[in-house]
Amino acid sequence: MNNILTRLIGDKKDWKRMEARANELPADYRTVYAEMKNYMWRFTASDGMDIVDILRDILDLFETEAAAGRTVVEVTGTDLAAFCDARLPEQHDAYRAKLRATLNKVADKLA
């Protein structure tokens, strides 16, 4: 029981730290990160830790590239869904096309 509680509390603290880091990103990065997060959660398996790990890697990349002065679209390209899909485990989902189109509208607004 202690292991479960420790993991849940630890995961929640880790998530809050990630969200605090994301809030420090420039506005365009914050917008894209939030939309990517919404997109990716639809493809989670089991406890969601697979998506958390992917989002942590993206957050690391965004922090580095923002500090280097690059725009988020320079980092991700205009096909945000493809950027996400390349990082997601292989899945076959009936809603993927609709979700991809919705996510890519964000990049269209920023370009």
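1. The point I would raise at the outset is that E65 is buried, with a relative accessible area of 14%, where buried means under 20% relative accessible area, exposed over 50% and partly exposed in between, with a 1.4 Å probe and protein chains only. E65 is found in helix α3, and, leaving aside neighbours within four places in sequence, E65 is in contact with Y29, R70 and V75, contact meaning heavy atoms within 4.5 Å.

2. On the basis of the model: this is a predicted model, in which local features need pLDDT of at least 70 and side-chain atom pairs count only at pLDDT 80 or more, while totals for chains, interfaces and linings use all residues. Residues are numbered from 1 along each chain as its sequence is written, and side-chain values use heavy atoms, with hydrogens and water left out.

3. On the overall fold, the protein has six helices and zero strands, and read along the sequence it follows the pattern α-α-α-α-α-α; helices (H or I, at least four residues) and strands (E, at least two) are DSSP runs, numbered from the N terminus. Buried residues make up 32% of the 111 residues in the protein. Of the contacts with a separation of 6 or more, 66% are accounted for by residues 24 or more positions apart.

4. How do α2 and α3 pack, and at what angle? They pack at an angle of about 165°, with their axes 11 Å apart, the axes being lines fitted to C-alpha atoms, for helices over the stretch in contact, and the angles running from 0 to 180 degrees between N-to-C directions. That makes α2 roughly antiparallel to α3, a description used for angles over 145 degrees, whereas those under 35 count as roughly parallel, 65 to 115 as roughly perpendicular and the rest as oblique.

5. As for the residues involved, Y29, V32, Y33, M36, K37, M40 and W41 in α2 meet I51, V52, I54, L55, I58, L59, F62, E65 and A66 in α3.
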